[in-house]
Amino acid sequence: MAPKYKLTYFNLRARAETARLLFAAAGVEYEDFRVEFGGGPPSEQWKELKPKTPMGQLPLLEVDGVTLCQSMSIARFVARETGLDGKTSLEKAQADMIVDAVEETLNKIYATMFGTDESKAQAKKVLETAVPEFLKNMEKLAGPDGHFVGDSLTWADVRFFDLASEMMAKHADLLENFPNLTKVVDTVKANSGVAKWIAKRPETPF
Amino acid sequence: MPSYKLTYFNGRGTAEIVRLVFAAAGTEYEDVRLEHDQWPELKPSTPMGQLPILEMDGTMLCQSNSIARYVAKMAGLAGKTPLDQARVDMVMDGMVDMGNKFAYEIYYEKDEDKKAEKKKDYVEKYVPQFFSSLNKLASDGGYFAGDELTLADIAFYNMVTMVNPYLEQPLSLDGFPNLEKVVDNVTSNPGIAKWLKERPETPY
């Protein structure tokens, strides 16, 4: 029987990896469909698929005949389906706000990678204060027990782990002075589903 | 019932989506508007050093869209089923993308010639294409999810009216009848209509 969920994205981690990590953490099966990533000009496969998508973008999640788009809406839906979105309405909102903060920082990081030379240089300057500020705030919000919300794993932890692990690949000491955040990252890494997935997922440039 | 206290500067900005949801829900709340010199004192006690924040039952929430989603959920305006809620979320995210694109590529562009060029691209290419996608996602009754007003409809109206003042002309909904209906449904919602008449006039 085909899995209930079909996740479609390029053959990259990037904006689909949080959803993949959530499926892995919860041990829920899904079809991990990967579209050829041109790297420069779009692949033929993507050119054909793009007009059929809700907003001309990936990732997509297909479930029960409905096609969802927008990476964090997909991740929130998957978190809800897998019981990882927080136990109360308030906890769900708290998880949402953590994820929003990660997204804000990620956008600032992307601003240093895409745009004109001037805008990228300006964005790099912004990042110099934005990242330490972000980590400082996140450290306060993360409890000492390795979770941002409540007392068990939520998608806020996984989302933060997703960003932090990508950043730590280039800056290993990123969380040196942030014990609570280190605990969050370690807790997610130690989840058996996540560990298995990371060990076997395809190697991709990002 | 909890008491809600929304704190922001004296402007629409990123708080307005929350105020619109409160208005549609008919939920009472304290609409605190800070002077800029009051902010430094409050800032360290906020979760992320930013506004808006929502205080209720001794908790502080931040991040405007998370706050909006929470308030909408409490009022049944976030979508009736999990899939509807995901549809609401994805439209809201799409509107954030549209706003971010404007901010990062146009608003912060210092070179006047480049700015004008990017504005032209935005208005003539990006927005019509994006509105075409959104028009397909909206029902012909003018709703993005289900058959009643949700946060998605409010988010569409809010972002379009947020960007419009910075353009030579308001963005056109010509050729996007479903989106025109969305705007109608939002502005004719009794709570929202009342708020739109009564809200303070502010430069942003």
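How many nonpolar, polar and charged residues does the lining of the second largest pocket have, by class? The answer is given below, under the heading on the pocket.

## Basis of the model

This is a predicted model, in which local features need pLDDT of at least 70 and side-chain atom pairs count only at pLDDT 80 or more, whereas totals for chains, interfaces and linings use all residues; side-chain values use heavy atoms, with hydrogens and water left out. Residues are numbered from 1 along each chain as its sequence is written, and chains are lettered from A and ligands numbered from 1 in the order in which they are written.

## Interface of chain A and chain B

The contact (heavy atoms within 4.5 Å) takes 35 residues from chain A and 36 residues from chain B. The size of an interface is often given as the accessible area lost when the parts come together. Here the buried area (accessible area, 1.4 Å probe, that two parts lose on being put together, summed over both) is about 2900 Å², and carbon and sulfur atoms give 57% of that area.

Three salt bridges (a side-chain nitrogen of Lys or Arg within 4 Å of a carboxyl oxygen of Asp or Glu) are found across the interface. Arg76(A) and Asp89(B) meet in a salt bridge through their side chains, at 2.8 Å from N to O.

On the side of chain A that touches chain B, the elements giving two or more residues are β4 (66-69), α3 (71-81), α4 (89-111) and α5 (117-141) of chain A. Helices (H or I, at least four residues) and strands (E, at least two) are DSSP runs, numbered from the N terminus. The most comes from α4(A), with 14 residues. By class, this side of chain A divides into 16 nonpolar, nine polar and 10 charged residues. Ala, Val, Leu, Ile, Met, Phe, Trp, Tyr, Cys and Pro count as nonpolar, Asp, Glu, Lys and Arg as charged, and the others, Gly among them, as polar.

## Cavity

A search of the whole structure finds one cavity of 30 Å³ or more. On a 1 Å grid over the protein atoms alone, a cavity is a set of points where a 1.4 Å probe fits but cannot get out, and a pocket is an open set with protein on both sides within 12 Å along at least five of seven lines; lining residues have an atom within 4 Å of a point. Grid points are joined across faces, edges and corners, and a volume is the space filled by probe spheres set on the points.

The largest cavity has a volume of about 40 Å³. Its lining consists of Ser89(A), Lys92(A), Ala93(A), Asp96(A), Ser66(B), Arg69(B), Tyr70(B) and Lys73(B). At least two lining residues each are supplied by α4 of chain A and α3 (64-74) of chain B.

## Second largest pocket

The second largest pocket has a volume of about 870 Å³. Its lining comprises 27 residues, of which Ile109(A), Leu163(A), Glu166(A), Met167(A) and Lys170(A) are the closest to its centre. Two or more residues come from each of α4, α5 and α6 (155-168) of chain A, and α6(A) gives the largest share, seven residues. The lining has 16 nonpolar, three polar and eight charged residues.

## Local features

Over all chains, 28 salt bridges are found. In one of them, Arg15(A) pairs with Glu103(A), with the closest N and O atoms 3.0 Å apart. Arg15(A) is in the loop between β1 (6-10) and α1 (17-26) of chain A and Glu103(A) is in helix α4 of chain A, so placed 88 residues apart. Ala14(A) also lies in the loop between β1 and α1, and its phi is near 30 degrees, a positive value in a residue other than glycine.

The peptide bond from Leu58(A) to Pro59(A) is cis, with omega near 5 degrees; Pro59(A) lies in the loop between α2 (44-49) and β3 (60-63) of chain A. In chain B, a cis peptide bond joins Leu51(B) and Pro52(B), with omega about 5 degrees. Pro52(B) is found in the loop between α2 (39-42) and β3 (53-56) of chain B.
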